[in-house]
Amino acid sequence: MTAEAAGEWRGWRAAAESALYGPGGFYRRPEGPAGHFRTSVHASPLFAGAVARLLCRVDEALGRPASLDLVDMAAGRGELITGVLAALPAEVAARTRAYAVEIADRPHTLDHRIEWLREPPPRITGLLFANEWLDNVPVEVAEVDSGGVPRLVLVRRDGVERLGEPVAGAEAEWLARWWPLGAVDGAQGGEALEGPEGIEGLRAEIGLPRDEAWASVVAAVDRGLAVAVDYAHTARQRPPFGTLTGFREGRETAPVPDGSCDITAHVALDACAAACALPGTRLLSQRDALRALGITGERPPLELASTRPAEYVRALATAGEAAELTATGGLGDFGWLVQSVGIPDVLAK
Ligand SMILES: C[S@@+](CC[C@H](N)C(=O)[O-])C[C@H]1O[C@@H](n2cnc3c(N)ncnc32)[C@H](O)[C@@H]1O
């Protein structure tokens, strides 16, 4: 690609915004996210079953209201909300108002009970669930230059990068509070480094737009629970060179903001949590969250194989799916940010 065809230099936030959501953007394509990667939703129907049980707990905590909201934020093609509706007891499903919130168009075959919206409903009593949304909210990337100064990373349409202006204002404040570039802590295996030569090249993704996006949807919850599930890190374990990456047709690729691939970066979920400042906040792994919702991954007893072989084979397959959803080094390491609004902690049971 010539420099001219590669276009102007832009910060990663603007570049990813148009590559993912602009006309012809990656998430506007007909195959949808499932055409390129598997989330927990596609890995197993057990995931939708667990979210259905979570909704039932929220329902009980709310005193079984006449109308119970279920909001699937960043719904993809509606796979999760369809699975949750199917897994709910009929009596709860009958009181549930289901909303899928998505930038992409409504799929033609979607269950008529699901409302398809561009923004969340303004007042929610129930459960707002966002699986793998925040990692796709575009952010700026900062990199430390040879003088030790964190600068915005600029990128062209062909993925070539250069450094721009020093990070300033609210973005600099966010970095200083949540992802200081320059101190490498023990969790990253290093010592505090001093001098520009020790920190040159360190990178961070500036999560401010994600904090704001999350706070704005949580603000719509009058009573109930808001849950964000994503690849995540916290202040104790920020990756020293960031996590910006691309996905195309099931494979990780270099992030190139031309609409040909997903562009994603792990989420500073502790910063998102603080943006809402709710007393009922928990940050836990998907492994622990799913265990609290009854997914253990235990294998069926071996004697079942001889007494009821068909049942044994089904139970074994289910155990395999549960193991994938809770795997160390895989989906089980995802973070669940769980924020209760006016109800007790429903995961504590
Ligand atoms: C990685 S996919 C996850 C889809 C689904 N939640 C799942 O887990 O399979 C991210 C989705 O977020 C949607 N999205 C991103 N920003 C959004 C926004 N502000 N409002 C609604 N949907 C959004 C994208 O269009 C895309 O379908």
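A backbone N or O atom of Ala74 lies 2.7 Å from a nitrogen atom of the ligand, a polar contact in the sense of a pair of N or O atoms within 3.5 Å. Welcome to this predicted model, in which local features need pLDDT of at least 70, side-chain atom pairs count only at pLDDT 80 or more, and totals for chains, interfaces and linings use all residues. Residues are numbered from 1 along each chain as its sequence is written, and side-chain values use heavy atoms, with hydrogens and water left out.

**Around the ligand**

- The ligand has 18 residues around it, and those that come nearest are Tyr21, Thr39, Ala74, Glu102 and Asn131; being near takes a heavy atom within 4 Å.
- This shell divides into ten nonpolar, five polar and three charged residues.
- The side chain of Thr39 has an N or O atom 2.9 Å from an oxygen atom of the ligand.
- At Ile103, a polar backbone atom is 3.5 Å from a nitrogen atom of the ligand.
- The protein buries 94% of the 600 Å² that the ligand exposes when taken alone, with areas from the Shrake-Rupley method and a 1.4 Å probe.

**Strands that pair with β7**

- Strand β7 covers residues 150-155 and pairs with strand β8, residues 161-166, in the antiparallel sense over four bridges; pairing requires that DSSP finds at least two bridges, and a strand is a DSSP run of E with at least two residues.
- Strand β1, residues 10-11, also pairs with β7 in the antiparallel sense, over two bridges.
- Strand β6, residues 140-144, runs antiparallel to β7 and is joined to it by three bridges.

**Bridge partners**

- Leu154 has Arg162 in β8 as its bridge partner.
- Leu154 in β7 is also the bridge partner of Gly11.
- Val144 stands opposite Pro150 in β7.

**Two hairpins**

- Five residues lie between β7 and β8 in their hairpin, where Gly159 in the turn has a positive phi of about 90°.
- The hairpin of β6 and β7 has five residues between its strands, and Gly148 in that turn has a positive phi of about 85°.

Methods:
A polar contact is a pair of N or O atoms within 3.5 Å; within protein, one must be able to donate a hydrogen and the other to accept it, and residues adjacent in sequence count only if both atoms are side-chain atoms. Ala, Val, Leu, Ile, Met, Phe, Trp, Tyr, Cys and Pro count as nonpolar, Asp, Glu, Lys and Arg as charged, and the others, Gly among them, as polar.
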